[in-house]
Amino acid sequence: MRHPRDFFKPLAVGAPEPVREIPVPPSRMIHFFDPSNEKMRAKLPAIAAKADIVLGNLEDAVPVDRKESARAGLVEVGKTADLGGTPLWTRVNSLESPWVLDDITTLVTEIGDQLDVIMIPKVEGAEDIHYVDRLVAQLEAKAGVTRPILLHAILETAQGMANVEEIAFASPRMQGISLGPADLAASRRMKTTRVGGGHPGYVSISDPTDAEDLEVGRVRAQQDPWHYTVARMVDACVSAGILPFYGPFGDIKDTVACEAQFRAAFILGCVGTWSLHPVQIDIAKKVFSPDPAEVAFAKKIIESIPDGKGVHMIDGKMQDDASWKQAKVLVTLAEQLAQDDEELKAAYGF
Ligand SMILES: CC(=O)SCCNC(=O)CCNC(=O)[C@H](O)C(C)(C)COP(=O)(O)OP(=O)(O)OC[C@H]1O[C@@H](n2cnc3c(N)ncnc32)[C@H](O)[C@@H]1OP(=O)(O)O
Ligand SMILES: O=CC(=O)O
Ligand SMILES: [Mg+2]
């Protein structure tokens with residue numbers, strides 16, 4: 001284990017100094033695009049104008065015969081595309097794959113100063129992050145990259161889940177963690193073919209209203225199979241000072257269920273999610289920007305309790321030191337998001 005005092009020293013001579021605080025720009029959605037797809041590359045500046053973050057995906061969903069062109073396409077994006085200040089991330093291939101070394105080497109040396117975050121799939125433990133941490137430092141030093149590239153882990157194996165806390169704390173480069181429900185379901189041998197979301201078989205059932213007929217009057221409600229995982233990921237991230245994200249929702253046409261899944265993650269503490277299709281950008285923006293009515297009530301709590309202490313009744317509800325902090329979370333997020341968004345500023349009354 002590294003000595004805490006060494007945590008903020010670069011891991012290679014000439015690499016930039018590690019950050020002490022993780023930057024928190026609007027991060028409501030990480031929008032995935034396939035850099036091997038010329039059409040998607042051409043549309044990227046328009047997408048970047050709507051999205052908080054754009055991510056060139058090199059891993060799953062990119063066919064083997066397009067791995068090289070996806071990497072080259074992302075280099076082209078980094079060198080030429082005008083993203084108007086929207087952060088550019090990548091998801092490289094997984095650490096056991098034959099492509100990842102060239103992914104990281106090429107991207108850091110060619111577009112290291114344009115790349116904000118490298119997402120690492122299928123992270124199993126701190127050792128995976130340590131490997132990438134040192135490699136990226138060596139490449140940053142070689143290429144003269146001026147600010148450190150951050151790392152983001154996908155939580156998508158049972159082993160990674162068991163080690164989520166050590167992953168979150170593995171390096172000062174750690175920016176956040178996303179849930180990868182598809183790979184995680186496969187790893188855990190969960191019986192679902194869905195990419196995120198609920199399942200009609202995963203339900204709670206009310207008691208029967210007729211003791212003789214067990215079918216009568218029973219209400220079934222689908223539960224969220226990702227509840228435990230997301231909550232644990234949020235705790236690991238917050239305790240390490242990094243950001244938790246929900247991941248993909250694969251049923252692109254079911255915008256209603258997508259919104260419900262995103263909202264459950266938002267309420268549990270996630271700062272954002274992935275968007276796989278342009279339609280999911282707007283859903284994520286709506287869900288991960290707090291509701292103006294809740295913000296208005298939170299502002300009322302803060303205004304009514306200027307020192308944030310003691311017990312008070314506001315609109316029939318008990319408020320105290322703790323609920324003042326809850327209100328502060330909502331208002332602080334609303335203020336951050338409203339900074340660059342006139343519509344939100346008006347909606348929140350700032
Ligand atoms: C489990 C995981 O690993 S999830 C992460 C990996 N998966 C991904 O990254 C998938 C990314 N998304 C996609 O590839 C696509 O959205 C798909 C395959 C899901 C659906 O694609 P399509 O069937 O083409 O969707 P659709 O017909 O609705 O597309 C409408 C338009 O949006 C464009 N579009 C679709 N997805 C995206 C995207 N992610 N980014 C930018 N543009 C997009 C299409 O190119 C199309 O453009 P056009 O009107 O100019 O022809
Ligand atoms: O990579 C994402 C996943 O769900 O798997
Ligand atoms: Mg995956």
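Student: Is Asp116 buried, partly exposed or exposed?
Tutor: Asp116 is partly exposed, at 23% relative accessibility. Buried means under 20% relative accessible area, exposed over 50%, and partly exposed in between (1.4 Å probe, protein chains only). This is a predicted model: local features need pLDDT of at least 70, and side-chain atom pairs count only at pLDDT 80 or more, while totals for chains, interfaces and linings use all residues. Residues are numbered from 1 along each chain as its sequence is written, and side-chain values use heavy atoms, with hydrogens and water left out.

Student: Which residue forms a salt bridge with Asp116?
Tutor: Arg147 does, with the closest N and O atoms 3.0 Å apart. A salt bridge is a side-chain nitrogen of Lys or Arg within 4 Å of a carboxyl oxygen of Asp or Glu. Arg147 is partly exposed too, at 35%.

Student: How many salt bridges by that rule?
Tutor: The count is 21. Arg173 and Glu140 form one of them, at 2.9 Å, N to O. Arg173 is buried at 7%, and Glu140 is buried at 0%.

Student: New topic. What are the protein donors of the magnesium ion?
Tutor: Glu156 (OE) and Asp183 (OD), 2.1 to 2.2 Å from the ion, ligand 3. Donors are N, O and S atoms within 2.8 Å of the metal (3.2 Å for Na, K and Ca); water is not among the atoms, so sites may look incomplete.

Student: And is Glu156 buried or exposed?
Tutor: Glu156 is buried, at 3%. Asp183 is partly exposed, at 22%. Both also belong to a salt-bridge network with Glu59, Asp60, Arg91 and Lys122.

Methods:
Chains lettered and ligands numbered in written order.
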